[in-house]
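Please look through the sequence and the structure shown here before reading on. The report that follows takes the sheets, the helices, the ligand shell and the cores in turn.

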Amino acid sequence: MVPTLDEAPNVEPLYSRLRASLESSGRDCFEIVFVDDGSTDGTIEIIKRLSEEDGRVKLVVRSGERGLASAILRGISEAGSSYIVVMDADLQHPPEKVPELLEALEKGYDIVVASRYARGGGVEGWSRLRLIISLGASVLAWILVPETRRTSDPMSGFFALNRERVKLPQKPPPGFKLLLEVLRLNPQARVAEVPYIFGSRLGGRSKLGFNAIIDYLIHLAMASTPLRFAAVGFTGTIINLLVFYAFLSFGAPLDAAILAGFEAGLLSNFVLHEKFTFSHRSYGGSAISRLAKYHVSSAAGIGVGFIVSRTLTTVMGLDPLLSQLLGVIAGFTANYLLSSRGVWAQKSG
Ligand code: GDD
Ligand code: MN
């Protein structure tokens, strides 16, 4: 499927090269779905003509809707087959690579990423600045969205998937990076890579502007399981303090207030982790057993935090406040890892 917006000089060469590449690899049975969001440069007319000449070319023109990620989702839903390749119209994604992507799907991979950063891949004619921005964006994804670590190029717009085995987002993510969302939603999927050289545009202009960077950052923040976990932990702390304060004001003993505060924060965290933090995963077991396990991981977090804070102060002579802060970070990490890999671990298969 190919999203288009003002790509008049490119669609016909793309069609010819794609067709030649597929046919020479012995594939006659394919469909090229274009999703256009109201191009005004003649793109639509050219695709219409192609679709009249070749029944395998299909055109969807959307009006009122815009956006690359949602256009791709629409194209996937219009396509008839289970093997889907997503690529740009401007020939920066070489059509000659498409058979390799399909072969990997045929071997049983669920998602195949054409990667600029795999060995043998690269970019042509990029300024140092653009390279730095792109690498920085990949590193951010690596840190914030651990599900992307299965590929060297989570921001690629050139990828293939097996629709039968891959869960797609209900709502399009903001911005350009549908692949990132697909990787996040399918932590158990088998991912392969095919290196390619990202060429320069044949004709026309890029639509990726400054807004796309902002959209990307918003997308990352929403897609990041560790960040969601931290945000929920923050709300839990506030509930903890409120309940603690309420218990004290009603004259409860200090110990009871402390425990009630912790338990209230923990319960509210638990509900939010179920409904929000890990809602994209399918995890096993009953809610009661997860709640029991979450008590263990939270307690382990406090234990780790205690040991770190105490050791840094007593053994290493660090400032107690700084030690306590580092203890909080260590405890948070321990709790996150146990929750993510234990309590709410993705079921395999
Ligand atoms: N239907 C539709 N609607 N198509 C769009 C829209 C839209 O709102 N915006 C862009 N497109 C189409 C373009 O016509 C092109 O075929 C493709 O999406 C990519 O747009 P470009 O403007 O060429 O993006 P780029 O080359 O800067 O970015 C590409 O490379 C990045 C890697 O650096 C994209 O593939 C990105 O997804 C990718 O991350
Ligand atoms: Mn492009």
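## The parallel sheet

Strands β2 and β3 pair in the parallel sense over five bridges, where strands are DSSP runs of E with at least two residues, helices are runs of H or I with at least four, both are numbered from the N terminus, and two strands pair if DSSP finds at least two bridges between them. One of these links concerns D36, whose bridge partner in β3 is V61. The two strands belong to an open sheet of three strands with the order β1-β2-β3 and parallel pairing; β1 and β3 (57–61) are its edge strands, each pairing on one side only. From one strand to the next, the twist averages 20°.

This is a predicted model, in which local features need pLDDT of at least 70 and side-chain atom pairs count only at pLDDT 80 or more, while totals for chains, interfaces and linings use all residues. Residues are numbered from 1 along each chain as its sequence is written, and chains are lettered from A and ligands numbered from 1 in the order in which they are written.

## Helices across the sheet

Helix α2 (residues 43–53) lies across β1, β2 and β3 and runs at about 145° to β3; axes here are lines fitted to C-alpha atoms, for helices over the stretch in contact, with angles from 0 to 180 degrees between N-to-C directions. Helix α3 also lies across β1, β2 and β3, running at about 145° to β2.

## The mixed sheet

An open sheet of four strands has mixed pairing and the order β4-β7-β5-β8. Because β4 (83–86) and β8 (191–195) stand at the edges with a single partner strand each, one side of each is left without a neighbour in the sheet. Four bridges join β4 to the antiparallel strand β7 (residues 159–162), and V85 has A160 as its bridge partner in β7.

## Around ligand 1

Ligand 1 is surrounded by 22 residues, of which P3, A71, A89, G157 and L208 are the closest; a residue is counted as near if its C-beta atom, placed from the backbone, lies within 6 Å. At least two residues of this shell come from each of β1 (2–4), β2 (32–36) and α3 (68–78).

## Nonpolar cores

The largest nonpolar core has 56 residues, and I72, V86 and A160 are among those with the most contacts inside it. Such a core is a set of buried Ala, Val, Leu, Ile, Met, Phe, Trp, Tyr and Cys residues joined through C-beta atoms within 7 Å, buried meaning that 20 or more other C-beta atoms lie within 10 Å of a residue's own.

Note on methods:
Buried ≥ 20, exposed ≤ 12 C-beta atoms within 10 Å, placed from the backbone. Contact = placed C-beta atoms within 7 Å.
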